[in-house]
Amino acid sequence: MIQKAGQRRFGSYKQEDVVFLLKDLSDVRLEGNTEEREKRIQGGQHYSETLPIEYNPPEHYLQVFWETLAEYKTKVAFCTAVVAEQIYRRKGQNTVLVSLARAGTPIGILMKRYIQFKYSENIPHYSISIIRDRGIDENALNYILKSHPGCNIQFVDGWTGKGAISIELTKSVQDFEEKYGVKLDDSLAVVADPGYCTDLFGTREDFLIPSACLNSTVSGLVSRTVLNDAYIGTNDFHGAKYYQELEEYDVSEQYLEQIASQFTHINEHELEQAIAEIKKAEAVSFKGMKEVLEIKEEFGIETANYVKPGVGETTRVLLRRVPWKILMKDPDSPYVRHIIMLAKERNVEIIPYPNMSYTCCGLIKKVGEAK
């Protein structure tokens with residue numbers, strides 16, 4: 001959905017920060033009880049056909065979000081600057097940021113704001129949908145290419161887990177070239193790349209990016225994206241909902257402001273050092289995926305889709321899936337306080353697992369099992 005005069009506003013972000021290329025499904029009932037939804041997904045329904053229920057986070061959990069934001073806003077700002085500098089130096093003024101909704105959207109906005117702050121360049125930023133096993137929204141890509149002929153598209157996400165979206169993006173870009181004869185850069189720019197899935201990152205440390213703590217209330221009140229044939233036609237963009245009813249709980253703008261306010265404090269020498277280190281960093285190896293497959297075998301898990309590595313992905317397992325166990329490299333790490341709290345609330349076992357690249361890893365429960 002492109003916002004036009006007379007249309008209902010979509011998302012709570014400022015219009016100059018991002019354009020969502022999504023079909024508005026706000027009036028469609030797509031949510032289901034977490035356990036029932038998990039049962040349908042494990043029974044074969046694709047996760048993108050329905051949505052988890054979104055809610056106003058409880059006060060004590062929101063407190064953890066604010067604490068982690070205060071603690072890590074400088075780090076997020078620095079890592080955003082590191083990756084945004086690399087993008088701008090590679091692609092210049094002709095860059096168009098294309099964030100992958102929804103975790104990529106706030107990061108795309110921060111990258112756009114950084115480039116504007118540092119280079120006084122107001123580069124376009126769109127947010128579009130990509131869905132595991134179903135690919136990227138080709139209608140949205142064609143819209144961007146038509147609107148910005150000859151542009152240098154840069155795909156953006158928040159972080160990498162085991163690399164499923166990186167792999168999906170590469171496949172989607174190959175399919176797009178075969179279909180339309182247009183070759184796009186399939187590199188994925190992220191703040192954190194603990195899975196070793198890209199060479200365009202701010203850090204490879206698996207640290208807590210605070211937006212992973214919340215759902216729509218830190219993501220412009222936009223849902224996960226939806227691809228359901230009952231509502232999405234051949235010529236439509238993928239869909240999403242705008243949770244207007246959660247407006248009073250929305251912290252999306254405050255989140256951006258707190259991190260962006262740190263751009264003025266970035267030390268140029270440290271920034272150049274970090275960029276130089278990345279040039280010498282270990283090559284893309286998808287070693288995170290190798291660890292995931294080892295965990296899958298060790299715990300007798302049916303599919304790697306039930307293994308969600310990294311702080312961000314583990315948080316999502318606890319928020320909107322049916323968790324089985326949480327593996328934790330170091331339970332004393334400051335990055336896992338909210339995970340320990342959520343696991344206790346949901347009565348989920350935490351297992352010390354020190355020999356892992358990731359800070360933690362969430363295992364999804366096979367529905368119907370007692371343990």
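The largest nonpolar core of this predicted model holds 106 residues, and those with the most contacts inside it are Phe-65, Met-111, Ile-153 and Phe-155. Such a core is a set of buried Ala, Val, Leu, Ile, Met, Phe, Trp, Tyr and Cys residues joined through side-chain atoms within 4.5 Å, where buried means under 20% relative accessible area, exposed over 50% and partly exposed in between, with a 1.4 Å probe and protein chains only. Helix H2, residues 59–91, gives the most to this core, with 15 residues; helices (H or I, at least four residues) and strands (E, at least two) are DSSP runs numbered from the N terminus. In soluble globular proteins, nonpolar side chains tend to be buried together.

As this is a predicted model, local features need pLDDT of at least 70 and side-chain atom pairs count only at pLDDT 80 or more, whereas totals for chains, interfaces and linings use all residues. Residues are numbered from 1 along each chain as its sequence is written, and side-chain values use heavy atoms, with hydrogens and water left out.

Once neighbours within four places in sequence are set aside, the contacts of Phe-155 (heavy atoms within 4.5 Å) include Val-98, Leu-100, Ile-136, Leu-141, Leu-169 and Val-173, as well as Asp-185 and Ser-187.

Helix H10, residues 337–345, has His-338, Ile-339, Ile-340, Met-341, Leu-342 and Ala-343 as its buried residues. Their cover includes H2, H9, strand S14 (323–328), strand S15 (349–352) and strand S16 (360–364). After H10 comes Asn-347, with a positive phi near 60 degrees.

Aromatic rings are a further topic. Rings of Phe, Tyr and Trp (its six-membered ring) pair if their centres lie within 6.5 Å, and planes under 30 degrees apart count as stacked, over 60 as edge-to-face and the rest as tilted; by this rule the count comes to 16 aromatic pairs. Two of these pairs are set out here.

| Pair | Centre to centre | Angle between planes | Class |
|---|---|---|---|
| Phe-10 and Phe-20 | 5.8 Å | 80 degrees | edge-to-face |
| Tyr-114 and Phe-263 | 5.2 Å | 80 degrees | edge-to-face |

Tyr-114 lies in helix H3 (residues 104–119) and Phe-263 in the loop between helix H6 (252–260) and helix H7 (268–279), so this pair ties together parts that are 149 residues apart in sequence. Both Tyr-114 and Phe-263 are buried. Phe-10 is buried, with a relative accessible area of 7%, and Phe-20 is buried, with a relative accessible area of 7%. One aromatic cluster is formed by Phe-10, Tyr-13, Phe-20 and Tyr-242.

The model also contains open space, with about 800 Å³ in the largest pocket. On a 1 Å grid over the protein atoms alone, a pocket is an open set of points where a 1.4 Å probe fits, with protein on both sides within 12 Å along at least five of seven lines, and lining residues have an atom within 4 Å of a point. Of the 38 residues that line the largest pocket, Arg-132, Arg-224, Lys-308, Glu-313 and Arg-316 are the closest to its centre. H9 supplies the largest share of this lining, four residues.

The largest share of the lining of the second largest pocket, six residues, comes from H5.

Technical notes
Points joined across faces, edges and corners; volume = space filled by probe spheres on them.
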